[in-house]
Amino acid sequence: MRVVFLGTGAALPDPDRCHTSILITLNSGRHFLIDCGHGATRQMMRVNVNPADVRHLLLTHLHHDHVCELPFFVISSWILGRTGALDIRGPVGTKNLVSHLFEGGAFDADIRARAAYPLRQANIEAVRPAVTEYEAGVIFADDDIKVTAAEMDHIPREISPCYGFRIEADGKVVTFSGDTAPCEGIARLSQNADLLIHECTFTEEFIEHRRKSQVGTFAHTSPSDLGRLAVDCGVKHVVATHIGHVDSLSPVLKRAAAKHLPTELMGPHQIDAFVDDIRGTYKGPLQIAHDLMRIDL
Ligand SMILES: [Zn+2]
Ligand SMILES: [Zn+2]
């Protein structure tokens, strides 16, 4: 299978990173999109994948940096010739989100205008995604692939539950954490994974600053904790992603983030800090994700 990181950033707009989205393509050619943050659709075009050919979308949670591209992806796919409905698996709240977007929702006028053309009317199902809300357990399975979800420890589940995925296909296991603090669920999903794609939003320095300044809650995993998880679970290859802008040199981002990040510490050297701290325990293959990075398994 092939894994392409369409977006590797976190919640803020980042000139160097799109929001979180990962495209998994099986040896059979079937595509599975994991999360749909800003930029996902255009990034697919850049890796020569027609968004209309991506028939399955799995959402870890409903934070905007994981779902905000959904209307653009769905409507673009319609215009690009998708036939049939997009299959969406998401946590509780996904039906509500999708029901407000398309016909009768925010993009109703756009869809009615375009549907006036017979060509667009012919594949109108493309703007009627089929949504299944899942809970922990197997959320998708057929002859090619099995996807198991476990609940993560992100922000309180009463507001927005988050799930990680264990994806078994083509004889390999790929685990994706979604957003999470260290928890039992991700340890279970990661056992002996061929590839662990794990969020690692801030370096230790940034975490310490946020702890001292008491800015917001911390619902993420530190590099040291990620290294320990990978060792404990016998993971064969680690990719850290969902990078929280710590490596950015963007002046506007630095100014805008000054209240909640130690912006004087921001810069590309923070990538080395991720590596050093993960390497404190985990010595196997390791990459810090960047947009359009590709891994073949
Ligand atoms: Zn996120
Ligand atoms: Zn989140």
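This is a predicted model: local features need pLDDT of at least 70, side-chain atom pairs count only at pLDDT 80 or more; totals for chains, interfaces and linings use all residues.
You'll find valine 131 in strand β6, which covers residues 130-133. So who does valine 131 touch, once we leave aside its neighbours within four places in sequence? The contacts are Ile88, Gly90, Thr94, Lys95 and Val98. Take the valine pair there: valine 131 and valine 98 sit 33 residues apart in sequence, yet C-alpha to C-alpha they're 7.9 Å apart in space.

Is valine 131 buried or partly exposed? Buried would need 20 or more other C-beta atoms within 10 Å. Valine 131 has 19, so it comes out as partly exposed.

Okay, on to the sheet. We've got seven strands in an open sheet with mixed pairing, and the order goes β7-β8-β9-β10-β11-β12-β13. The edges are β7, at 137-141, and β13, at 286-288; each has a single partner strand, so one side of each has no neighbour in the sheet. Going from one strand to the next, the twist averages 15°.

Let's zoom in on one pairing. Strand β10, residues 172-176, runs parallel to strand β11, residues 195-199, and three bridges join the two.

Last stop, the helix. Helix α11, residues 269-278, lies across β12 (238-241) and β13, and runs at about 150° to β13. That's the tour, thanks.

Methods. Residues are numbered from 1 along each chain as its sequence is written. Chains are lettered from A and ligands numbered from 1 in the order in which they are written. Two strands pair if DSSP finds at least two bridges between them. Helices (H or I, at least four residues) and strands (E, at least two) are DSSP runs, numbered from the N terminus. Axes are lines fitted to C-alpha atoms, for helices over the stretch in contact, and angles run from 0 to 180 degrees between N-to-C directions. Two residues are in contact if their C-beta atoms, placed from the backbone, lie within 7 Å. A residue is buried if 20 or more other C-beta atoms lie within 10 Å of its own, exposed if 12 or fewer, and partly exposed in between; C-beta atoms are placed from the backbone.
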